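Welcome, and please take a moment to look over the sequence and the structure shown here. The tour that follows starts with charged side chains and then moves on to helices, cores and confidence.

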Amino acid sequence: MSNLPTSAANFCFRHPGRQSFILCQRCGRTICAECQTQAAVGVICPECLREQRKNAPRTKPAILTRLTGSGQPTVTYSIIGITLAVYLLQFVFGDRITNLLLYAGVFSQPDSFQPWRMLTTALAHGSIFHVLLNMYTLWIFGQLLEQLLGRGRYLALYLLSALAGSLGVLFLADPFTPVVGASGAIFGLMGAFLVIQRRLGGNATQLLVLVGINLVIGFIPGLQIAWQAHIGGIIGGAVLGLIFVQTRRIRQKSVQVGLIGALAAVLVLLSFARFFVS
């Protein structure tokens, strides 16, 4: 456990001016992205890394370390790469790919129950402008949150926000209106970042304005934007952001995992709502 005073607990012990959300898994001190090295479980600080390497040979090539090191937003890179690859398939094969991935409320009803679409819809997009805008936004918030939260929590945030976005479509949209896009997941990232910034004392005014503008745009007639996914995603992301902030201490790890699992279970149960209620 860290011996740092409470006021400094949210800042890297090697770079006091850098706020971070990650603790060294060996000594428990807060470390920024620059000071993190991926370990078998979690990340470790430079001091613990030197101690660990005293009697151990290097087993990871330097090029691999540079490409997948803890300072790189590897999960964000992967999501963007996969999403762009899917859009390329949509461009080449047309509606055959889109129809396999899109989601509508009807796919949560007994006669055509295909719950996996609630996640696959985040991979498909309606136009090149749509996919580029979403991936650009993901690049902005993704790299910040991945370094702040760590890869595992960040991936959980993205996937559960995508699911929450589809739940918004399920409960608020016409069941026969298909939707595609990663907007629900991305609004989840914005919701989580907003909560984390507010709870840790950061200035979230500009982000709040940005989120507000994007929400309002979704209600403009004729743009065919699934605002329901935005609402669901931002609610799911905000709840996860609150969980992350309230259980950030290393001794609270089991509590955090339990709460994330409980939220995931609730979201999955809600996805069956139309299956049992006609």
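Let us begin with a pair of charged side chains: Glu47 and Arg14 meet in a salt bridge, at 3.6 Å from N to O. The term salt bridge stands for a side-chain nitrogen of Lys or Arg within 4 Å of a carboxyl oxygen of Asp or Glu. Glu47 lies in helix α1 (residues 46-53) and Arg14 in the segment before β1 (22-23), so this pair ties together parts that are 33 residues apart in sequence. Helices (H or I, at least four residues) and strands (E, at least two) are DSSP runs, numbered from the N terminus.

Before going further, please note that this is a predicted model, in which local features need pLDDT of at least 70, side-chain atom pairs count only at pLDDT 80 or more, and totals for chains, interfaces and linings use all residues. Residues are numbered from 1 along each chain as its sequence is written, and side-chain values use heavy atoms, leaving out hydrogens and water.

**Salt bridges**

How many salt bridges does a search of the whole structure find? The search finds 5. Three of them are set out here.

| Salt bridge | N to O distance |
|---|---|
| Glu47 and Arg14 | 3.6 Å |
| Arg50 and Glu47 | 3.7 Å |
| Glu146 and Arg151 | 3.9 Å |

Arg50 and Glu47 are 3 residues apart in helix α1, which means that about one helical turn separates them. As a general point, an α-helix has 3.6 residues a turn, so residues three or four places apart point the same way.

How open are these partners to the outside? Relative accessible area gives the classes: buried is under 20%, exposed is over 50%, and partly exposed is in between (1.4 Å probe, protein chains only). Arg50 is exposed at 52%, while Glu47 is partly exposed at 28% and Arg14 is partly exposed at 37%. In the other pair, Glu146 is buried at 5% and Arg151 is partly exposed at 22%. Through shared partners, salt bridges join Arg14, Glu47 and Arg50 into one network.

The segment before β1 also holds His15. With a relative accessibility of 19%, His15 counts as buried. Setting aside neighbours within four places in sequence, His15 is in contact (heavy atoms within 4.5 Å) with Cys32, Glu34 and Cys35.

**Helix α6**

Helix α6 runs over residues 128-149 and has 22 residues. From first C-alpha to last, α6 reaches 30 Å, close to the 32 Å expected at 1.5 Å a residue; the expected span is 1.5 Å times one less than the number of residues. Where does α6 bend? The bend, of about 30°, is at Gly142, taken as the angle between axes fitted to the seven residues ending there and the seven starting there. Among the buried residues of α6 are Asn134, Leu138, Phe141, Gly142, Leu145 and Glu146. After α6 comes Gly150, which has a positive phi, near 95°.

**Nonpolar cores**

A nonpolar core is a set of buried Ala, Val, Leu, Ile, Met, Phe, Trp, Tyr and Cys residues joined through side-chain atoms within 4.5 Å. The largest one has 50 residues, of which Leu138, Leu145, Leu157, Leu189 and Leu240 touch the most other members. Helices α3 (74-93), α6, α7 (151-172), α8 (183-199), α10 and α11 (253-271) each supply at least two residues of this core. The most come from α7, which gives 10 residues. A second, separate core of 12 residues includes Cys27, Val43, Ile44 and Cys45.

Apart from neighbours within four places in sequence, the contacts of Leu138 include Ile79, Tyr154, Tyr158 and Leu189.

**Gln228 in helix α10**

Gln228 has its place in helix α10 (residues 227-246). Is Gln228 buried or exposed? Gln228 is buried, with a relative accessible area of 11%. Not counting residues up to four places away in sequence, Gln228 touches Gly165, Gly168, Val169, Leu172 and Ala173. From C-alpha to C-alpha, Gln228 and Ala173 are 6.6 Å apart in space, and 55 residues separate the two in sequence.

**Confidence**

The predictor's confidence in each residue is its pLDDT, from 0 to 100. For this protein the mean pLDDT is 84, and 80% of the residues reach 70 or more. Over residues 1-6 the pLDDT stays under 50, and the model has 8 contacts beyond four places in sequence for them. Residues 63-68 also have pLDDT below 50, and this stretch has 8 contacts in the model beyond near neighbours in sequence.
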